Amino acid sequence: MNSPATRPGRSVRTVLLAGTIATLLVVLGATAWLSFKGSEEEAQELFDARLATSARVLEAFLARQVEQATITSPIVITLPGPLEAGGHDAPGPLGHYYETKIAFQVWNGNRDLLVRSASAPAAPFAPLTPGFSDQKFEGQPWRVFTLRSGQVWIEVAERDDVRSELAEKLAFAAVVPLIAGTVVLLVLLGLLIGYGLAPLASLAEQIEARQPDAVTPITLARAPAEIAPVLTALNGLLRRVRDALERERRFTADAAHELRTPLAALKVHAQNVARANSPAERQASLDRMLAGLDRTVHLAGQMLAYSRAAAAGEPAHATVQLRPLVAEAVETLQPRIRERALRVDVACEPKNDAIEVRGDPQQLGSLVSNLLDNAVRYAPEGGTIEVALRRAGNEVSLTVTDEGPGIPPELRERVFESYYRMPGSAGSGSGLGLAIVKEVALAHGARLEIGEGPGGKGTRVVVRFRPA
Amino acid sequence: MRILLVEDDDLLAAGIRDTLERALYAVEWVADGPHALAALQTNTFDLLILDLGLPGLDGIEVLKRLRAGGTGAATPVLILSARDAAPARVLGLDAGADDYLIKPFDVDELLARVRVLQRRQRGAAVNIIEHGPLRLDPQSLTVTIEGRPVVLQRREFMLLARLLQSPGQVLSRTQLEEAIYGWDAGVESNTVDVHIHKLRRKLYPEVIRTVRGVGYIADPPPPSLSA
């Protein structure tokens, strides 16, 4: 059998995790960028304000005093030595290393440098125009605020990287919890997916571990709503397989059992032939052996027909004429009908019109021939068998009536069981004829009725076909 | 030796019947349980060969009812069945069967087992029946008198075998008729007497004694004769 291989798709876990990670990365990136931008802007405003304030403080304390002074060389205000070596981030007792990144210059109206901080150059930071400006100095970007107070110009500058460092740190501080949260979220998500998919894994494991003949239903400790329908469908399939297997097993066991008796008979007759004391005895045993062979062949044929009828699913949907099927069955049985001086009356209604049903021609033929065979088998010598085909509206029925001993009401269900033989019907049949009739009728949706003939005599079987 | 055969398959029954009759047993055949019980109640059989898968009344049930008491409750039973599983055999033997044979079986084995049950009834360990100067071999179907073979007709052999099967027991004419004829064969009222007469002539007169108004008896031989 060719099993259609399914191309393995992406795992649910991968899709979920990848999707989540991608979404989180976008969100994180956006958050970091917005946070950085926002912080940078705020820092800019804050620092600018401070820069301006510093300029005003210088103006207040310094500008008025140096305005009129004659200074030949600029006063340089140095920072205490250890400050620079004090590490970058930790504030020392004397100040902070970052003070080196802040510088100022005070100029008079003649563009003479009066005071400057040690970190400031001797040349003007920026052209002496009031307001904020961004300048480049010694390869570093500086933010400069220029203030004019009377004849004095005050320029206060601050290295720009201090500001971006703050903005970066703020943005980073905003993003770090998010990153940590993301990691926790991803781990949790992985665990949840694992938990959610565990029943699926268990299902796969159970199916994988099964022997080919293990057909008990699969049970899961936990069947989520998404898996429950799969499980139900799977167990439904398993049940059907189990039924089919059970039927096969029973059929094989029954067949092996049912063959023992005819084989025993054949063996006894064969040995009787070999042990015969006279030609007459030999001939008698030989005749019986041949009869036994015929019956065994018939039994094998019936077993096959029964197996086919029972295993058949939906029958073929051909249009089958019943009239020729009956004629054929009567023809086949003719030798036995003649031998037992039986009369077979076939009545059709309507008389000259086709009477047809839908189904499998071969199986329906088997149904008709087995019904007739049964009637011939049980009809008394010289008796009459009535076969009636009727169509009323779109309902078609086949009725077979014999004048045999009849079937007691309590056994009327049992005669349709495989290998069931009526008490007193000494082992002539296969015990499968009516079972085949039943299986074929079942497959064709036909109803079977069994009762007695007119006047409570004999047996009457009616097959009512489903309207086509 | 009269055997009741209970088997629902007519062809197998016919074959077994042929086998047993050719081995000089009288065989009655019924095809189902109720008929078997009826036959056992109204007739005496030396052996019951019983199929288990009978329509109507299962063979095991027939066996249980037979063993429950009444006429023929002690009749030896040989089960002949298609049920080959050990539990089925145990069930049959425990229900009172003396032996169990599985279909399909060997005819020689069937006959051998019948002979075993036959000699067990006599309390003997061998098949051959020795009676004074007489030797009856139920396997080769031969009779000798002091080593000399005697040619007997079937009915004569069957009659002698029946009488020697239970020496010292008076058997009625009806019992002897049943032992040599089936139900269907028409029996002339004096055929048993005719066969007895022939047996006495072919063997020796004292072999069978007439008990007036009752029947016949094969007296246990006196020790002097059995030498």
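Student: In which crossing, left-handed or right-handed, does helix 6 of chain B pass helix 7 of chain B?

Tutor: Helices are DSSP runs of H or I with at least four residues, numbered from the N terminus. A crossing is left-handed if the near helix is turned anticlockwise from the far one by less than a right angle, and right-handed if clockwise. This is a predicted model, in which local features need pLDDT of at least 70, side-chain atom pairs need 80 or more, and totals for chains, interfaces and linings use all residues; residues are numbered from 1 along each chain, and chains are lettered from A, with ligands numbered from 1, in written order. Helix 6 of chain B passes helix 7 of chain B in a crossing that is right-handed.

Student: Which residues of helix 7 of chain B meet helix 6 of chain B?

Tutor: Residues are in contact if their C-beta atoms, placed from the backbone, lie within 7 Å. From helix 6 of chain B come B:Arg155, B:Met158, B:Leu159 and B:Arg162. They meet B:Leu176, B:Ala179 and B:Ile180.

Student: Which helix gives the most to the side of chain B that touches chain A?

Tutor: The contact takes 26 residues from chain A and 20 residues from chain B. With 9 residues, the most on the chain B side comes from helix 1 (residues 10-22) of chain B.

Key: Helices (H or I, at least four residues) and strands (E, at least two) are DSSP runs, numbered from the N terminus. Two residues are in contact if their C-beta atoms, placed from the backbone, lie within 7 Å.
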